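Look at the sequence and the model first.

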Amino acid sequence: MSLSARKLQPALELVPYEPSHRVALELQLSDARVSDWLPFAHPPERAEIDHMLGEVGQEAKGGFQFWMAEDRNRPQAGFIGAIGMQATGYRHLAQLFYWVLPDFQCCGYGTEMVRLLRETLLDDWGYARAQALVAPDNHASIRVLEKAGFEREGLLRRYFIRKFANPDDLMDVYMYATVKE
Amino acid sequence: MTVAAATSIDLAPQANIQLKLLEEASLARFIELVRHPAINPHLPFAPDFPESQAREMMSVSANPQSGCYAWMMVAQQDLREVGVITAMPVFHAGCLQLGYWVDAACQGRGYATLAVRMACALAFEHLGMARVQAQVVPENTASARVLQKAGFEREGRLKASHRLNDALYDTDLYAKVAA
């Protein structure tokens, strides 16, 4: 009997968030390896998630949208991560944030998620610029952005709230961006 | 000084300008400075900037809860309103973004630099801000000089970050952080 490696062929799909995803989302954010990089407490406070979700769907107001990510070729895996965006400026630029569950990291899912949303925003939705903020020591996320074609523009000092619970603790973050050609 | 009482900033009594929160008596001059043909092309406001928009900025600025401010720069010498400086929170409550412009006839006298310094003092010492920032198009070297003189550091160039009249421009992001 011979063993042959079956090449992993991810078929990433971003599913617009709906209330039935709440349990899955809470589960994702309960993983410290995910929440450590996010401004949520560990475990996340209900109110923090409510606050984030409160802006979902209010496109006209906050320009905030959020998707759960799944791999159609691995339906048994459930959601493998999530990605969101918020329109800023004069609604011509979008700020992205995302995470991939630790069990599914190193498969290129993060890059694929960011690339997919980047294409949608710039090619289909008419955005001029997609940007993301990342902690200088979040090497995995930096790799994702660079593989997805984002470029580092600078280090923004005291620009990001480390944890919502302590808004005075501000951290430095890299600004990464990609623009429509 | 409380935030609500910040109708006039006199942080440096020896300074040759004062910042005065936008109010009814200054509204016409404010509109004139926004519509000024030499200034308006650089501002994110229409050439025929409507009075209603000026009134809205005034009322937002008068509400300390908004976190937004619009001040007139008043020359101490002759009480002439020589320019405007605005501030609004960006991304989080601890970060204030500045915008400023000076009457073309009154440029080159250091008014903008002084106004930026005063706004920073207010932001850091009275509003508890952690960071004050401003974005300038690279061609606007006069504006960049204002920021450098006021102790700002250039953090990077943000591509297509500024939209003006349906065109996109890169901007240099300058910031100053609390000591």
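A:Arg118 is buried, at a relative accessible area of 17%; buried means under 20%, exposed over 50% and partly exposed in between, with a 1.4 Å probe and protein chains only. This is a predicted model, in which local features need pLDDT of at least 70, side-chain atom pairs count only at pLDDT 80 or more, and totals for chains, interfaces and linings use all residues. Residues are numbered from 1 along each chain as its sequence is written, chains are lettered from A and ligands numbered from 1 in the order in which they are written, and side-chain values use heavy atoms, with hydrogens and water left out.

**The buried arginine**

A:Arg118 sits in helix H4 (residues 109-124) of chain A. Helices (H or I, at least four residues) and strands (E, at least two) are DSSP runs, numbered from the N terminus. Which side chain joins A:Arg118 in a polar contact of 2.8 Å? The partner is A:Thr178. Such a contact is a pair of N or O atoms within 3.5 Å; within protein, one must be able to donate a hydrogen and the other to accept it, and residues adjacent in sequence count only if both atoms are side-chain atoms. Neighbours within four places in sequence aside, A:Arg118 touches A:Asp123, A:Ala148, A:Phe150, A:Thr178 and A:Val179. Contact means heavy atoms within 4.5 Å.

**Helix pairs**

Axes are lines fitted to C-alpha atoms, for helices over the stretch in contact, and angles run from 0 to 180 degrees between N-to-C directions.

| Helix pair | Axis distance | Angle |
|---|---|---|
| H1(A), residues 22-29, and H3(A), residues 46-54 | within 12 Å | roughly 120° |
| H3(B), residues 111-126, and H4(B), residues 141-149 | 9 Å | about 45° |

H1(A) is therefore oblique to H3(A), and H3(B) is oblique to H4(B). Angles under 35 degrees count as roughly parallel, over 145 as roughly antiparallel, 65 to 115 as roughly perpendicular and the rest as oblique.

In chain A, A:Arg22, A:Leu25, A:Glu26 and A:Leu29 of H1(A) meet A:Arg46, A:Ile49, A:Asp50, A:Met52 and A:Leu53 of H3(A).

In chain B, H3(B) brings B:Ala112, B:Thr113, B:Val116 and B:Arg117, while H4(B) brings B:Val146, B:Leu147 and B:Lys149.

**A covered helix in chain B**

Helix H1 (residues 27-35) of chain B has B:Leu27, B:Arg29, B:Phe30, B:Ile31, B:Leu33 and B:Val34 buried. Their cover includes helix H2 (51-62) and strands S3 (69-75), S4 (81-90) and S5 (92-102) of chain B.
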